[in-house]
Amino acid sequence: MRVKGDKPANTRPGFGRALARGMTRKCARCGSGNLFRYYMLMAENCPQCGLQFERLEGYWLGAVALNLIAVESLFVIVLIAMVTATWPNVPWTLILIVLVSMNVIVPLIVYPFSRTVWVAIERYLSGTAVTETRNQSDKTRSDLRGSAN
Ligand SMILES: [Zn+2]
């Protein structure tokens with residue numbers, strides 16, 4: 001019997017809900033927060049439902065790609081906005097300073113969000129993996145290592 005406010009650990013949320021949880025740095029499966037010890041240091045497993053985040057070697061490459069897409073999209077938007085707003089006397093040096101600074105700072109801000117969003121996307125696209133427990137995840141790793149040899 002569930003008590004009001006309890007979150008079922010093994011139900012699969014819809015993609016929108018999982019993505020919304022990822023965008024707020026929460027677990028895609030159960031919606032629990034506290035996944036980060038510091039701003040950047042992510043726990044290996046969800047403290048509430050035990051979901052193991054990094055399932056395979058190179059797993060976070062998707063998060064890096066999401067981070068890059070977010071940063072460079074913002075880069076293009078800010079560049080177009082600044083050029084459009086100041087045309088024809090475009091302050092290229094100022095734009096260069098702003099954009100280079102942005103490309104250093106924004107990836108650090110976006111980093112934890114890109115990880116939790118990536119978990120949501122990857123777990124949803126991989127189907128049943130969102131309900132996977134740590135033992136099943138370890139089995140997936142050993143199966144993949146075995147098939148690689
Ligand atoms: Zn969780």
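This is a predicted model: local features need pLDDT of at least 70, side-chain atom pairs count only at pLDDT 80 or more; totals for chains, interfaces and linings use all residues.
Helix H1 spans residues 15–23. Three of its residues, Ala-18, Arg-21 and Gly-22, are buried. These residues sit on the same side of H1, because they cover an arc of only 100 degrees around the axis. The other side of the helix carries Gly-16 and Met-23, and both are exposed. The buried residues of H1 pack against helix H3, which runs over 92–125. Arg-25 follows H1. The phi angle of Arg-25 is positive, near 60 degrees.

Helix H3 also packs with helix H2, which comprises residues 61–86. The axes of H2 and H3 are 6 Å apart. The angle between the two helices is about 145 degrees, and their crossing is right-handed. Sorted by class, the residues in the contact of H2 with H3 are 19 nonpolar, four polar and two charged.

Leu-99 touches Phe-75, Val-78 and Leu-79, when residues up to four places away in sequence are not counted. Val-76 is 23 residues from Leu-99 along the chain, and the C-alpha atoms of this pair are separated by 9.2 Å. Is Leu-99 buried, exposed or partly exposed? A residue needs 20 or more C-beta neighbours within 10 Å to be buried, and 12 or fewer make it exposed. Leu-99 has 15 such neighbours inside 10 Å, so it counts as partly exposed.

Technical notes. Residues are numbered from 1 along each chain as its sequence is written. Helices (H or I, at least four residues) and strands (E, at least two) are DSSP runs, numbered from the N terminus. The arc is that of the directions from the helix axis to the C-beta atoms. Two residues are in contact if their C-beta atoms, placed from the backbone, lie within 7 Å. Axes are lines fitted to C-alpha atoms, for helices over the stretch in contact, and angles run from 0 to 180 degrees between N-to-C directions. A crossing is left-handed if the near helix is turned anticlockwise from the far one by less than a right angle, and right-handed if clockwise. Ala, Val, Leu, Ile, Met, Phe, Trp, Tyr, Cys and Pro count as nonpolar, Asp, Glu, Lys and Arg as charged, and the others, Gly among them, as polar.
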